[in-house]
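Student: I am new to this structure and would like a close look at a single part of it. Could you take me through the surface that faces the DNA strand?

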Number of protein chains: 2
Amino acid sequence: MDDVRWLSAEEQEIWRAYLTASVAFSAHIDRQMRQDSGMPMAYYEILVRLSEAPHRRLRMSELADASLSSRSRLSHAVTALERNGWVERRPADGDRRGWVCSLTESGHAALAAAAPGHVTTVREHMFDVLTPEQLRSLREIGLAISAGLRTECEAARAEDDGQADPCDP
Amino acid sequence: MDDVRWLSAEEQEIWRAYLTASVAFSAHIDRQMRQDSGMPMAYYEILVRLSEAPHRRLRMSELADASLSSRSRLSHAVTALERNGWVERRPADGDRRGWVCSLTESGHAALAAAAPGHVTTVREHMFDVLTPEQLRSLREIGLAISAGLRTECEAARAEDDGQADPCDP
DNA sequence: CCGATGGTGTTGAGAGTTCAACCACCGGTA
DNA sequence: TACCGGTGGTTGAACTCTCAACACCATCGG
């Protein structure tokens, strides 16, 4: 890592355009969610993933993967969501290490109340400002970046020479 | 906000592709920065902005805008950076309310040490996985989304009927 | 000069995240 | 059976961020 391939002026411009938009957009969405529904975006994501799962329940580890969250983060988050009565945790049958997390009726109601504002925000600041072609492109870009992140994890895992895996969360 | 324009299946796919990539990518970058340089990405951003400013110094409010951070967040961050000796805060002359924050030599060294790893990560997971055309498109997409967020702020400000401005940070 | 208004920046408390242990359990192996 | 590495999940402390309140100063109008 000694001969760094620095970014050209043009590349810097691209990177900055992406970074600025990404940071500002996610901050905007998070703020909207907190103000209108009293929960951070990460919690909304958890509720969404639960609501989409069969029987509205998932193993903790599966929920962590689905909601792009570390196990530790999810554990804390579920504790908070449980306090609100939006979610329940019960032992998994068949594996006494595991727990399944399920969406309560009250949690489903909270999700239903939060969704309209969220979707409206996303539509206004994304689908209303981009052309259909840009949207198609954005989909491909997202898939490519995600794939790139995933393959690095697999490569690190494949080495399995005791190196720490930098892709846990 | 009663007749919500929900997302079509195709739109959901686009949104999810973007969200997944954006969250995973920023988490990856933040983790790399923390592990290799002991600071969160937000702090690196502050150092970068200072290093690019004339005389490597900026008013707190300008630095907050440049680093996409709220004033409160910047204030806490600068306190932490000051503790590391990477940054200094001194009263602004001409306006006794204000403070200017400047990058120290030690801060510049920390930035120089952190940059290679960061740039390498960005290149590997963005420039190496996207085509030139996708990169051009991503730049336009970023600019469009940022512009959309900005115009909403201006609209809110233009109303100036006592409504709170939801675009402060 | 005085008060009203607005901008600049800080502070403290509470919420959320990260990191590094840690415990409990599974599955395979000797 | 006993051991042992690997998995599932939690915990507590330190850290970062958000939000609301505040203090201070500038500026403008009377």
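Tutor: Helices here are DSSP runs (H or I, at least four residues), numbered from the N terminus. This is a predicted model, where local features need pLDDT of at least 70 and side-chain atom pairs count only at pLDDT 80 or more, while totals for chains, interfaces and linings use all residues. Residues are numbered from 1 along each chain as its sequence is written, chains are lettered from A and ligands numbered from 1 in the order in which they are written, and side-chain values use heavy atoms, with hydrogens and water left out.

The largest share of this surface comes from α4(A), with four residues. In total, 23 residues surround DNA strand D, and the closest are S61(A), H76(A), R89(A), R97(A) and S72(B); a residue is near the strand if one of its heavy atoms lies within 4 Å of it. By class, the surface has eleven charged, seven polar and five nonpolar residues, where Asp, Glu, Lys and Arg count as charged, Ala, Val, Leu, Ile, Met, Phe, Trp, Tyr, Cys and Pro as nonpolar, and the others, Gly among them, as polar.

Sugar or phosphate accounts for 74% of its atoms within 4 Å of the protein, and bases for the rest. From chain B, a polar side-chain atom of S72(B) lies 2.5 Å from a base nitrogen.

Methods: A polar contact is a pair of N or O atoms within 3.5 Å; within protein, one must be able to donate a hydrogen and the other to accept it, and residues adjacent in sequence count only if both atoms are side-chain atoms. Helices (H or I, at least four residues) and strands (E, at least two) are DSSP runs, numbered from the N terminus.
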